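Open the model in your viewer and keep the selection panel at hand. The tour below goes from pocket to pocket.

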Amino acid sequence: VEAIAEAITDELAEPAPGTSWQDMLDLMSHSFRDLTRAHPAVFRVLLSGERPAALVRTADAVVARLMDHGFGESDATNTFRTFIRYLLGVIVIESDASLSKSELDATFDSGIALLISGTGALRTGHSL
């Protein structure tokens with residue numbers, strides 16, 4: 001399981017240096033979704049028990065990147081948790097969806113845009 005987790009996390013897209021936090025979250029969210037579509041059985045195994053070290057390291061790296069963009073540790077952790085929960089929900093819903101690929105893609109893109117927009121609003125002190 002650890003070796004599989006290492007191989008999968010190595011496939012996750014890496015944002016280029018200087019990428020905004022918004023573009024980073026968008027890129028990584030789309031990459032995560034693409035990986036779950038390419039390896040659906042693998043993700044069921046990886047998420048069914050104790051989290052492999054590679055997944056924990058990846059989560060920590062995303063939180064650290066958010067902190068590098070000025071997020072406090074608590075806000076970075078909460079942002080990561082919100083995105084990963086959305087992504088995991090998408091995996092479950094899309095695995096049994098009756099919508100077309102274009103409808104699924106549009107809904108996913110809209111959800112990520114809303115999460116990024118809401119995160120930005122909260123960071124600047126605006127209520128949603």
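Which helix gives the most to the lining of the largest pocket? Select H5: with 8 residues, H5 gives the most to that lining. This is a predicted model, in which local features need pLDDT of at least 70 and side-chain atom pairs count only at pLDDT 80 or more, while totals for chains, interfaces and linings use all residues. Residues are numbered from 1 along each chain as its sequence is written, and side-chain values use heavy atoms, with hydrogens and water left out.

A pocket here is an open set of points on a 1 Å grid over the protein atoms alone, where a 1.4 Å probe fits, with protein on both sides within 12 Å along at least five of seven lines; lining residues have an atom within 4 Å of a point. Helices are DSSP runs (H or I, at least four residues), numbered from the N terminus.

**First stop: the largest pocket**

Select Leu55, Thr58, Ala59, Phe80 and Ile84, which lie nearest the centre of the largest pocket among its 26 lining residues. The volume of this pocket is about 650 Å³, a volume being the space filled by probe spheres set on the points, which are joined across faces, edges and corners. Next, colour H1 (2–11), H2 (21–38), H4 (53–68) and H5 (73–95): each supplies at least two residues of the lining.

**Second stop: the second largest pocket**

Now move to the second largest pocket, which holds about 230 Å³ of space. Select Thr36, Pro40, Arg44, Ile91 and Ser95, the closest to its centre of the 13 residues that line this pocket. H2, H3 (40–46) and H5 each supply at least two lining residues here, and H5 gives the most, with 6.
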